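Let's take a friendly walk through one protein model, picking out a few details to find in the viewer. Keep the sequence at hand as you read.

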Amino acid sequence: GRSGGDKNADSLDALLSKYYRAVRLSVAAAPHAHAAAPVGSACRGGVLLAVCRGKVSEGIDFADANARGVVVVGIPYPNLKDKQVELKRKYNDEKHARAHRLAVSGVLSGDQWYSQQAFRALNQAVGRCLRHRNDHGAVLLVDERYAHGANGALVRNLPKWLRPATRKCADFDDSVTGLRAFFSLRAKHAPPEAAHTRSRKPKLLPSVGADKDAKERDGGGGKPGGKPKESKDAAADAKQRDIKRFFQPAAATAADAAAAPAALETRAVRFEVEEERETRAE
C-alpha cells in the first residue's frame, strides 16, 4: 500500500490543480492579467484555505494572478501546551536571566522566542502573493490584537515593507471600499506588459523545485558563480531607500490618487521583492 505521505501529496496536487484551473479560467475572461474577470463570467477566481507553517503557506510561490490576496485570521502562536514549546520557553528564560546577570545582550527570553516563532510563520504567509516588482495583492490581518498594545507593538514584528502600510479599518465596509478601489486602480494602470496581453498565463507550478534547480544552475548558496555579497547588500540598501515608492499605485494620476480612499494602500501593498533566482540572473 501507499504511505500516508504519498496520499497527502497526491491530494494536495489534485487540490492545487483545481485551484490553478480556476485561476486560468478567470484570467482568460479578464481584459488582461492584472484585471478581474467581469461579473457574469463562468469563473472569477477561487479561494484556497491553508494553515500557517504548512507547505501552501511557506513552500509555494503564488505569483501574479495565482494569488491577489492573503487573509491571515489570528496570529499563529505555537501551542502553549506542547511539551517542546514549554521546555524551550523555560530554557530561553534561564539563558536570558543568566545573560542579564552577565550583562550579555542578544539572548531571547521565552516570551520573545514564542512571539518570534509566531511572526516568522505569519510573515512567510503574507509574502506568498507578492513575488516581484510588477506583482500586486492585498494583505488582510484579521485580529484585533494588532490595534492594541503600546504604539502597535505587534506591528513591529511584521515585515519592513508591510509596516508603513498597516492601518486599522473602521469596519468591514471600510475594508471592502478600500479593496475595490485598489484593484480597480491596478486594473486601470496595469504594468506595460499586461496592457496588450489579454490572457497572460500566470506561473502555475510550485517554485520549490525550480528554486533548487536555479541554485544548482547559477551556483547560488555561496558556491562559485553566485552573486557577490557586496552587490546583494547594495541592492538591498537601494530597495530600502526607495521602499515608499513601491506603495504608490503604478502610473497613477493625481486625480486617481485623490479619488482613492486613504485606506487603500494599507491593505493592498505593492513592493519590489525579487525572487533570489531573478536577482542572481540580473
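Y19 is buried, and Y20 is buried as well. Please remember that you are looking at a predicted model. Y19 has a relative accessible area of 12%, so it falls under the 20% limit for a buried residue.

How are the rings of Y19 and Y20 placed as an aromatic pair? Their centres are 6.0 Å apart with 55 degrees between the planes, and the pair is tilted. Y19 also pairs with F62: here the ring centres are 6.2 Å apart and the planes meet at 85 degrees. An angle over 60 degrees counts as edge-to-face, so that is the name for the pair of Y19 and F62.

F62 has a relative accessibility of 4%, so it counts as buried. Together, Y19, Y20 and F62 make up one aromatic cluster. In total, the structure holds 4 aromatic pairs.

Another ring to look for is that of Y114. R89 lies over the face of Y114, at 4.7 Å from the ring centre.

Next, turn to the backbone. Which phi value does R53 have? Phi of R53 is near 75 degrees, a positive value in a residue other than glycine. D64 is another non-glycine residue with a positive phi, near 55 degrees. R53 is placed in the loop between α1 and α2, and D64 in the loop between α2 and β1. Is D64 buried or exposed? With a relative accessible area of 9%, D64 is buried, whereas R53, at 41%, is partly exposed.

| Residue | Relative accessibility | Class |
|---|---|---|
| R53 | 41% | partly exposed |
| C52 | 25% | partly exposed |
| D64 | 9% | buried |
| S175 | 9% | buried |
| C129 | 0% | buried |

How many disulfides does the model have? The count comes to 0 disulfides.

Now for the empty space. Rolling a probe the size of a water molecule over the atoms shows where such space is left. The largest pocket has a volume of about 1,100 Å³. Its lining is made by 37 residues, and those nearest the centre of the pocket are Y19, G46, A67, R68 and G69. Y19, then, takes part in the aromatic cluster and also lies among the residues nearest the pocket's centre.

Which elements give two or more residues to the lining of the largest pocket? They are α1, α2, β1 and α5 (172-188). The largest share of the lining, 5 residues, comes from β1. By class, the lining has 25 nonpolar, 9 polar and 3 charged residues.

Finally, look at helix α5, where S175 is found. At 9% relative accessibility, S175 counts as buried. S175 and L140 are 35 residues apart in sequence, and in space their C-alpha atoms are 9.0 Å apart.

Technical notes
Residues numbered from 1 in each chain as written. Predicted model: local features only at pLDDT ≥ 70, side-chain atom pairs only at ≥ 80, totals over all residues. Heavy atoms only, no water. Phe/Tyr/Trp six-rings, centres within 6.5 Å; stacked < 30°, edge-to-face > 60°. Buried < 20%, exposed > 50% of the residue type's maximum accessible area, 1.4 Å probe, protein only. Lys NZ or Arg CZ within 6 Å of the ring centre and 35° of its normal. Helix = DSSP H or I, 4+ residues; strand = E, 2+ residues; numbered from the N terminus. Disulfide = S-S within 2.5 Å. 1 Å grid on protein atoms, 1.4 Å probe; cavity = no way out; pocket = protein on both sides within 12 Å on 5 of 7 lines; lining within 4 Å. Points joined across faces, edges and corners; volume = space filled by probe spheres on them. Nonpolar A, V, L, I, M, F, W, Y, C, P; charged D, E, K, R; others polar.
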